[in-house]
Each structure stands twice: as C-alpha cells, then as structure tokens.
Amino acid sequence: MLSRALTLSICLFANQAATLALSPILVEVARDFDVSIAAAGQLRTVSGGVAAVTAFSGAPIADRVGLKRLLLGGLGLLAVAAGISAAAPSFWVLAFAQALLGVSVAVLLSGAVAGVTAWIAPARRADALSFAFGGQAAAWLIGMPLIGIVGQASWRLAWVALPLTAAAIAFVLISRLPDVRLERGSATGGIRLLLDDRVVAAWAIGELCAFSAWTGMLVYSGALLIESYGLSLRSTGFLLGLIFVAYFPGTVLFRRWIDRFPQRLMIVLALSAAVVAALIGAVRPAVWVSVLLLAAYVFLNSGRTLSGSAFGLDAAPDRAVAAMGLRASATQMGYLVGSALGGIALHFGGYPALGATFATLYVLAVVPHVVLSLRRLGFGRERVARQGPRESRRRGG
C-alpha cells in the first residue's frame, strides 16, 4: 500500500505544483507583462475554467484508455504546458499555456484520487487518501521556497524548477504501476450522476463553493503578503511554504473521523474556515499574524478536503472516477470562481473584501449539507453515502 500511495502522492504533488506556481510570482508576472495583479490573477481563471470543463466532460476517456494511461497523458501534457509557460513571450501565450495546464490538472486530480480505489485496498482507503493528499501539501512546503529562490532570477524558472520537474518524476513512477481494468461504466455518467442523485449534487455544489474560497485565497496569498508587508519574493515563498506545515497534522488528526462523520466534519471545518478567511483579509497588523492565520486556514482545509473526498467516494462507490471527475471539476471551477470573485473584491474593496468574499463562499458550501440533513437524506447514522442514494430513499430519505 505504501509504495502505491506514495506514487499517487507524488502525482498529486505534480498536480499541485502546477496550480501553485503562479501564486508567489503573480506580482512579477503582472509587472513583466504590464498588467494589474487582478488581471494576472485571471490566468488561474483560464486554467480553472478549462480544467472544470475537462473534468466534467472528459472522464469517459478513462473507460477507453485506462487509469494508468490517463495519468501518464496528463503528466506529459503538464510538462509541455510548464515549458510553454516558462518561454511565453506574451501574456496571451502564457494564458494559452495555462489552458493546457488546466486540462492536465483536471486529468491528474480526478485520476489520482480515483486511483486510491483502483490500487489501494478498501480497508486502507482513509490512510491512503491522507497520504496521497499529503503530496499536495508537500508541493507547497517544498515548492514555495524553491520558487522564491529561483524566482529571484526570473519568474520563468519557477515553471521549470517545479511543475516540469515534478511531472517528469511522477511520470516515471506512474509508469511502474500495474495496469488496472476499470469496471465498465465506472468513469462514465458524471453528468447523469450529478443530475439524478440529490446527494451527489448537493456534495458537488458544496465542494464548488468551498474550493472557490480555498483556492481563491491561495491564488492571492502571495500578493497579500508582498503588498501588505513589502516582502521579497524569496521571503514570500519561504513563508507560503512554511504555512503548509500545518497541513500534515491536520490530515493525521482528521482522518480518524472521515469514515464515520464526513458530513459533520465538512460543516464544522467549513464554518471555521469562514471565520479565519475573514480575519486574513481584515486583520494584518504584522507578518507573523498573517502567517499564523494562513497556517490555521491550511489546517482547517486539510480536514475539509479529506472529508469531502471521502464523502464523494462513498456517495458513488461504483462510479469512483466519475465522482472524482465531478470533484476535480468543482476544484478547478473553484479556481475560476475564486480567482474571478477575488479579483473583483480586491479591485473594489481591497484585502478585507477579499477575505469577506471567501468567508461567504464557505458559508454557502454548508447550505447543501444542511438541506440534506433537514430532508433526512440518510444521515441518521452518518451512513447515507455508504447506503447509497437509492437505499436511502427507500428508507424514507
């Protein structure tokens, strides 16, 4: 289990490396291409939008090519996109590269998380999910200081040093995994699954809102530190990496509850993250205060991400790739929504408005799950997902 979970973790490391590379260099990119920070932030809107469409509609490819080949293709495309980003002569070429990046991110996120069900025994799923998602946190922990160092010379080197290199390493490791034959139809029907199943639909809406807040804050966190405190790119990269140390104790602490109480955990952590998001934007008296608040934000979201993934896998256990495709779509659509709303809030109200916007999104993420509970769609014992939506309805849900 450990070696396969490690491989999936490194795959998610590469995926996260692609999505985070822009955050610490956002100010430098804006200066180089003579655009505003809010405009540069929309590069994540481009990649997020493309990723959302790909994840939402592209899952059936896994039925035809298999999960292993799907991941290898995503990693290859990620390397190409990173190379184009590094060499981009204009803002529009960089935007095109981010569109390619969006396709690869969608493939890797949905494929790697679904790989937990394909390559890991069910009894070890919680541990494997925790270990695999640790790769995303490690990308911040290692990648941010690395980008800060190489970015001092040029922001272009960041794309080579992190996403491209990580994609190459993950490609080698994934190629060593055994081929798995997905159950016919397990990757198809994402749209039908969303439309026909109220539990899955509510979960997907909640994930979209929560990820819009989570990823949106990550996009603008580097700019927040630089503009609020006049930090250098190197210092900003180091601090952004440091805050992700908080991700690891979060995964260890919360994974003991994700199988038993996923919905309650999502609700509590989302509401807690809402409070912290508002404070991040409004309370900035010193660097150490912002760093501590960002670390608390990471800690809370580590558990919210784990519980959300576990809930989704349980909600459609026989269609794991399709369900995780919906999750990947929600994640990347979250980048689009979070970057766009964050840019608007930043333009009109500064960082306090940015924090308030993301706090509101977390509250909205809770609403679908409250509705589920009120309608008694299966959480008498927190087991609706395992019972399955149809069985839940037969019992009066």
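**Exercise 1. Work out whether Phe33 and Phe91 are buried or exposed, then classify their ring pair.**

Step 1: Both Phe33 and Phe91 come out buried, meaning under 20% relative accessible area with a 1.4 Å probe and protein chains only; over 50% would be exposed and in between partly exposed. Keep in mind that this is a predicted model, where local features need pLDDT of at least 70, side-chain atom pairs count only at pLDDT 80 or more, and totals for chains, interfaces and linings use all residues. Residues are numbered from 1 along each chain as its sequence is written, and side-chain values use heavy atoms, with hydrogens and water left out.

Step 2: Rings of Phe, Tyr and Trp (its six-membered ring) pair if their centres lie within 6.5 Å; planes under 30 degrees apart are stacked, over 60 edge-to-face, the rest tilted. The centres of Phe33 and Phe91 are 6.1 Å apart and the planes sit at 70 degrees, so this pair is edge-to-face.

**Exercise 2. Classify the pair Phe244 and Tyr247, then find its cluster.**

Step 1: Here the ring centres are 6.2 Å apart with planes at 15 degrees, so Phe244 and Tyr247 are stacked. Both of these residues are buried too.

**Exercise 3. Which residue lies over the face of Phe211?**

Solution: Arg304 does, at 5.2 Å from the ring centre. The test asks for NZ of Lys or CZ of Arg within 6 Å of the ring centre and within 35 degrees of the ring normal.
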